[in-house]
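User: Can you walk me through this one? I'd like to start with the strands.

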Amino acid sequence: MTAPFKADPAFEAGSAVVCDWPLCEVRLQDDARFPWLILIPRRAGLRELEDLTPADRATLMDEVVRAGELVRMLGGAAGRAVEKLNVGALGNVTAQLHVHVVGRRHDDGLWPDPVWGRGAALPYGASALQAAVSGLRQETRRSPAG
């Protein structure tokens with residue numbers, strides 16, 4: 001029997017669960033500097049993209065594109081339209097396979113450098129985080145995965 005999926009505890013500390021898509025748990029990074037989602041494939045023991053089946057790799061790509069749409073929505077709702085999406089599956093700190101989808105702007109304070117491990121996160125605050133998660137959940141119900 002395969003072990004059940006469980007997100008690494010590091011994700012619990014810095015992000016909030018939004019919803020589950022066909023493959024991934026979708027989480028909002030608790031850093032108001034950037035509209036930022038994390039996709040974690042709900043399969044135990046994954047570390048690399050190559051660990052996914054070909055079908056799951058295709059699903060992951062579809063979900064990355066869908067997450068990009070939500071990240072653009074988050075940026076727009078905050079009055080900071082996303083100019084560039086950064087997508088990365090780094091895993092140097094948290095080895096569990098996950099993909100970051102981050103909205104960037106030329107005036108975001110870290111441009112053009114990467115966001116990972118740079119500067120202190122600016123937490124949303126409890127009510128703003130709850131509102132953002134709620135808005136994302138409503139949007140995912142309106143536009144189900146294709």
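User: How many bridges join β2 to strand β3, and which way do they run?
Analyst: Five bridges join β2 to β3 (residues 36–41), and the strands run antiparallel. Strands (E, at least two residues) and helices (H or I, at least four) are DSSP runs, numbered from the N terminus. Two strands pair if DSSP finds at least two bridges between them. This is a predicted model: local features need pLDDT of at least 70, side-chain atom pairs count only at pLDDT 80 or more, and totals for chains, interfaces and linings use all residues. Residues are numbered from 1 along each chain as its sequence is written, and side-chain values use heavy atoms, leaving out hydrogens and water.

User: What links the strands?
Analyst: Hairpins. Three residues join β1 to β2; six join β2 to β3.

User: Switching to α2. What do its buried residues pack against?
Analyst: β2, β3, β4 (84–88), β5 (99–104) and α3 (126–142). Contact means heavy atoms within 4.5 Å. Among the buried residues are L60, V64, L70 and L74.

User: And what comes just after α2?
Analyst: G79, with a positive phi of about 75°.

Methods
Buried < 20%, exposed > 50% of the residue type's maximum accessible area, 1.4 Å probe, protein only.
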